[in-house]
Amino acid sequence: MSHSVLAVENLTKRYGEVQAVGGISFQVAEGEVFGLLGPNGAGKTSTIEILEGLREADGGSVLVCGYDPQTQSDELKHEIGAALQATALPEKLKVIEALHLFAGFYKRRRNPEDLLKRLGLVEKRTAFYGQLSGGQKQRLALAIALINDPKVVFLDEPTAGLDAQVRREIYDIIEELRRDKKTIVLTTHYIEEAERLCDRVAIVDHGQIIVQGTPRELKQASADKTRIEVRLAREESEEKLRALEGVSDCRTLNGIYVLHCQRPPQAIVSLVKHLEAQANELVSLEIATPSLEDVFIELTGRRLRD
Amino acid sequence: MTNLLTLTRMRVRLALRNKMFFFFSIVMPLGFFFLYAGVFAKGIPKNVASLLGPVLALNVMGSFWGLSATLVMFREQGILRRFHVTPATATDMLVSSILANYVLTLPTVITELLLARFLFHVPSLGNLLSVLLLVSIGTISFGSLGLVIASVTNTMQETQVLNQLLWLPLIFLSGATIPFTYLSSLVQHIALFLPATYLVAGLKRAIVDNYGPEKLLLILGSLTAWFLLTLFLSSQLFRWEPEARIAKKAKLYVAATAIPFLLLGIWENRYGRVIAQERVAVERLDEADRAEHQAKQRAQRQDANQPDQDDSDHK
């Protein structure tokens, strides 16, 4: 891993009787997009808000850009940008004024006009915040998060509550930031978001990281959940298919044989050989690789949005 | 300092785009001015001068209302928490509120003074330096009271209730609406514990009796001490987060802000001159009215006698 700009060690946070964060540890390298994936109430927002210096941790250590958010919050705030989950701006503030307003707080600042162009807000330059759509408000939130050319950008549920098309627009913007090698920490409960945008993902549940790694690593760890879905010309015995090399289970669903595989390549080879021997034919074959949702279900026994 | 100016500019800009601001900070104070000067004082210059202090005080005191409501609205809508993630501090947020409030209040006060001088022909506005000092310290200290209200209330509803509870005694017991001498002796002595009473009295003395700042030091000092206490308290109780609730115990800290005027009230009740000065001012005004009335009657009598003399001359 290259130079680490963010290091969290055994972080804890409690609200009364509720243990929101129960000993989380992770590191984020410079230029990396790191995602905290988990259901609502998993402790993602508490974690990110401690990193931003908005909340005080109960225990553990945190360093962001070399600063402790609890004791060096003033210095830290010049180095980070954030799009918070539940936030707003005054209704009668114009888009361009909002950018100038926030630019005024920082030592280092980017040209507001450039950010308007980059985030597709030029046409809304003089519109009031109250007149913007949900997607435009979120794009403005991203523009404000970038106004100080931050070393680390925190995005807390950047697409929550937005429709699919607007969500994809936000993904494009984040992917552009990723290409620019901006260090990003984001929280999400959308699988697609984590898979598409993050270099590494930590799956969080009940205030703890269950597993972390690249989306590919996490899915590989759950490789026996790869499914091969086949249609055959003639009926076949489930038991015989289950006995094939590389196949761990087989079920029939609406005429489709679903083979659960630990080693998909071997399973396909042995399936083809078996069908030739039986003078049967493959009508169609689809491979469904496990998603992060499958990984989450495997590890927690629940769906992300349960 | 840059953060402070940036936030102050934003607050002024937002206020100028707010219809409610225009009504409560411009239309209503000027409406009060014309009611006092045109109706209560009947446009008579010396009466206008004596009511100018109360009308300016109403304008200055009213600022706490809008200030507390705006800050609570910012907190409830999650606007404050967005600023929390920037290098802006709680003190920046609080002081910018007071500065913006001052910048927005001063033009109305100046307009009222100019209208009194040139529309109602008040011969003298008294000691303008004292008026400016009282208006300035009054605006920032009552603004700071608004910040305390925003700090100790959890919802907009609570804020409005507390504003109402404070506003009524401030305007009815201070001499800003009901003349101080009309109040019963007991109420007058209670009113001596209110900052508003001293603001009204100070402005009257500065305008009518031409008091310089050196004669108003006690009032100016008490208002300044009150401002510092309320600002300190509000910075200690400031909350960025909408869900953050203030402990009931903390609400008792507000009692600490009463200390300057509790001490001044005790002193005034024992040795003070505010009540006596008010009586003298009213007597002087009554005397002037009587003298004017008598002069009018004499003139009428002379006019009535004049035709008889003219008739006898003809004869």
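User: Hi! Before we start, what counts as a contact between two residues?
Analyst: Two residues are in contact if their C-beta atoms, placed from the backbone, lie within 7 Å. Keep in mind that this is a predicted model. Among contacts in chain A between residues at least 6 apart in sequence, 68% join residues at least 24 apart.

User: Thanks! How many of the 306 residues are buried, as a percentage?
Analyst: In chain A, 40% of the 306 residues are buried.

User: And which domains does chain A have?
Analyst: The assignment gives domain 1, covering 4-219, and domain 2, covering 223-289. Their centres, taken over C-alpha atoms, are 43 Å apart.

User: What about helices and strands, how many are there?
Analyst: Chain A has 11 helices and 13 strands. Six strands form an open sheet with mixed pairing, in the order β5-β6-β7-β3-β8-β9.

User: Why is one side of β5 and of β9 left without a neighbour in the sheet?
Analyst: β5 (80-83) and β9 (208-213) of chain A stand at the edges and each has a single partner strand, so one side of each has no neighbour in the sheet. On average, neighbouring strands of this sheet are turned by 15 degrees against each other, direction ignored.

User: How do β8 and β9 run, parallel or antiparallel?
Analyst: Antiparallel, with 5 bridges joining β8 (residues 200-205) of chain A to β9(A). For example, A:Val204 stands opposite A:Ile209 in β9(A).

User: Switching topic, which strands does helix α1 touch?
Analyst: Helix α1 (residues 44-51) of chain A packs on the sheet and touches β3, β6, β7 and β8 of chain A. The direction of α1 makes about 150 degrees with that of β7(A).

Definitions and conventions:
Residues are numbered from 1 along each chain as its sequence is written. Chains are lettered from A and ligands numbered from 1 in the order in which they are written. This is a predicted model: local features need pLDDT of at least 70, side-chain atom pairs count only at pLDDT 80 or more; totals for chains, interfaces and linings use all residues. Domain bounds come from an automatic or database domain assignment. Helices (H or I, at least four residues) and strands (E, at least two) are DSSP runs, numbered from the N terminus. A residue is buried if 20 or more other C-beta atoms lie within 10 Å of its own, exposed if 12 or fewer, and partly exposed in between; C-beta atoms are placed from the backbone. Two strands pair if DSSP finds at least two bridges between them. Axes are lines fitted to C-alpha atoms, for helices over the stretch in contact, and angles run from 0 to 180 degrees between N-to-C directions.
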